[in-house]
Amino acid sequence: MRVTAMMTTHAAPAWSWWLRCCALCLLSAWLNVATAQEQAFAGNWQGVWHIGMSSGKVVLKLDNTAQGAIGFTNLPGFAAETVLQKTEVQASWLSLWVQSDNSAQLSARLQLKPSGTSLEGMGQYAGAGIKLELHKAD
């Protein structure tokens, strides 16, 4: 006994192909913008941090995906270089989170200034406000 299946083919309407093409173009443009935003933060940054009357130096190293490490002087709980747990880029803003050796988390939101060579912002560390000011080192 021989069984044959009937196959029916339906041609997709022309607008369906057009919608798929538009969606692909929009996705591609969005990915390019997201990548360009992250790359704007890439590089080595150096500056200062302030918590109340305390201060010290800070070094931030970011790759093309805005991942990297941060290091502080005079800030208990941090080594010369600590890997960032998480980063998020939204337009000209970089949000970062990093865990200290004593389990306190530092979080900050830094704005890339129009010159593209400085980052400034505020954050929290162990219940205190922290101010960060960095300049592009490379």
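**Reading burial, contact and phi**

Modeller: Ser 95 counts as buried, at 11% relative accessibility. Buried means under 20% relative accessible area, exposed over 50%, and partly exposed in between (1.4 Å probe, protein chains only). This is a predicted model, in which local features need pLDDT of at least 70, side-chain atom pairs count only at pLDDT 80 or more, and totals for chains, interfaces and linings use all residues. Residues are numbered from 1 along each chain as its sequence is written, and side-chain values use heavy atoms, with hydrogens and water left out.

Colleague: Where does Ser 95 lie, and with which residues is it in contact, leaving aside neighbours within four places in sequence?

Modeller: Contact means heavy atoms within 4.5 Å. Strands (E, at least two residues) are DSSP runs, numbered from the N terminus. Ser 95 lies in strand S6; leaving aside neighbours within four places in sequence, its contacts are Lys 86, Thr 87, Glu 88, Ala 108 and Arg 109.

Colleague: Is Val 48 buried or partly exposed?

Modeller: Val 48, in strand S1 (residues 43–51), is partly exposed, with a relative accessible area of 31%. Its C-alpha atom is separated by 5.3 Å from that of Val 58, 10 residues apart along the chain.

Colleague: What is the phi of Ala 66, and where is this residue found?

Modeller: Most residues other than glycine have a negative phi. Ala 66 has a positive phi of about 65° although it is not a glycine. Ala 66 is found in the loop between strand S2 (54–62) and strand S3 (68–72), and is buried, with a relative accessible area of 1%.
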